[in-house]
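User: Hi! I'm new to reading protein models. Could you walk me through one?

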Amino acid sequence: GELIRRGVRVALVGAPNVGKSSMLNALAGREAAIVSPHAGTTRDVLEVALELGGYKVIVSDTAGIRETADDVEKLGIERALKRAE
């Protein structure tokens with residue numbers, strides 16, 4: 001009941017440039033996330049609410065998990081790891 005009403009949460013988590021943002025865009029049927037060949041493009045969590053198979057699904061695109069010296073990207077990676085929990 002409650003899970004179906006609020007929606008199932010799915011986080012796209014993984015290494016940089018493996019297609020997380022492209023998958024989000026394909027599921028959304030629009031360009032919701034910026035896609036580029038450069039690692040570190042996605043830095044914050046981007047959520048899109050969808051209806052898939054008649055169910056509400058909230059899909060989150062996250063920063064690619066990697067070692068980086070960039071403080072802003074590190075914050076995005078920390079948020080990605082929290083979504084994976």
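User: How many helices and strands does the protein chain have?

Analyst: First, a word on the source: this is a predicted model, where local features need pLDDT of at least 70, side-chain atom pairs count only at pLDDT 80 or more, and totals for chains, interfaces and linings use all residues. Residues are numbered from 1 along each chain as its sequence is written, and side-chain values use heavy atoms, leaving out hydrogens and water. Now, helices (H or I, at least four residues) and strands (E, at least two) are DSSP runs, numbered from the N terminus. Here you'll find three helices and three strands, in the order α-β-α-β-β-α from the N terminus on.

User: What share of the residues is buried?

Analyst: Buried means under 20% relative accessible area, exposed over 50%, and partly exposed in between (1.4 Å probe, protein chains only). In this protein chain, buried residues make up 32% of the 85 residues.

User: Which contacts join residues at least 24 apart?

Analyst: A contact means heavy atoms within 4.5 Å. Take the contacts between residues at least 6 apart in sequence: 46% of them join residues at least 24 apart.

User: Where is Asn-17, and what is its phi?

Analyst: Asn-17 sits in the loop between strand E1 (8-12) and helix H2 (20-28). Its phi is positive, about 60°, although Asn-17 is not a glycine.

User: Why does Asn-17 count as partly exposed?

Analyst: Because its relative accessibility is 45%.

User: And what does the C-alpha trace span along its principal axes?

Analyst: About 45 × 25 × 15 Å for this protein chain.
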